[in-house]
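Welcome! Let's take a friendly look at how some side chains meet in a protein model. Have the sequence and the 3D view ready as you read.

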Amino acid sequence: MPDHPRFESLEGLRGTGKSTLAPMLAATRQAVLVATVPLPYQPLRQALDERTNVEARMCFYLSGLFTAAEEIQHHLDE
C-alpha cells in the first residue's frame, strides 16, 4: 500500500455501468469501495428520484456525500 491513500472516483451518466464496474475495480485493486449513495439510503433513492422537488433530491444526495465522507475519514483514521 502506498504511503498516502489514493482515491478514484467513477463519474458518468445513469445506466453506463458505474455500479457494475466499481466493485470489480475495487476488488482488483484491493481497495475499499465507498458509495456516494450509502447502502442505508438505497431504499429511498428511487422514490425520491421520482419526485419533482429538486431541492429535496439535492439534500438527499448531499446527505449521502456527507455520509460517504465520514466513512472515508474513518478508513483514513484506521
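## Starting at an exposed arginine

R14 is exposed, with a relative accessible area of 65%. Here, buried means under 20% relative accessible area, exposed means over 50%, and partly exposed is in between (1.4 Å probe, protein chains only).

Before we go on, note that this is a predicted model, where local features need pLDDT of at least 70 and side-chain atom pairs count only at pLDDT 80 or more, while totals for chains, interfaces and linings use all residues. Residues are numbered from 1 along each chain as its sequence is written, and side-chain values use heavy atoms, with hydrogens and water left out.

## Salt bridges

Side chains of opposite charge can pair when their charged atoms come close. We call it a salt bridge when a side-chain nitrogen of Lys or Arg is within 4 Å of a carboxyl oxygen of Asp or Glu. How many salt bridges does this rule give? The count comes to three.

In one of them, R14 meets D49 at 2.9 Å, N to O. R14 lies in the segment before helix 1 and D49 in helix 2, so this pair ties together parts that are 35 residues apart in sequence. (Helices are DSSP runs of H or I with at least four residues, numbered from the N terminus.) D49 is buried, at 19% relative accessible area.

The side chain of D49 also meets that of R57 in a salt bridge of 3.8 Å, N to O. R57 counts as partly exposed, at 27%. Salt bridges with shared partners join R14, D49 and R57 into one network.

Elsewhere, E8 and R29 form a salt bridge of 2.9 Å, N to O. E8 is in the segment before helix 1 and R29 in the loop between helix 1 and helix 2, so the pair ties together parts 21 residues apart in sequence. Both are partly exposed: E8 has 48% and R29 has 45%.

## Aromatic rings

Rings of Phe, Tyr and Trp (its six-membered ring) pair if their centres lie within 6.5 Å; planes under 30 degrees apart count as stacked, over 60 as edge-to-face and the rest as tilted. The structure holds two such pairs. Y41 and F60 make a tilted pair, 5.5 Å centre to centre with 50° between the planes. This pair links distant parts of the chain, 19 residues apart: Y41 is in the loop between helix 1 and helix 2, and F60 is in helix 3.

Y41 is buried at 17%, and F60 is buried at 11%. F60 also pairs edge-to-face with Y61, at 5.1 Å and 85°. Y61 is partly exposed, at 23%. Ring pairs link Y41, F60 and Y61 into a cluster.

Terms used: Helix = DSSP H or I, 4+ residues; strand = E, 2+ residues; numbered from the N terminus.
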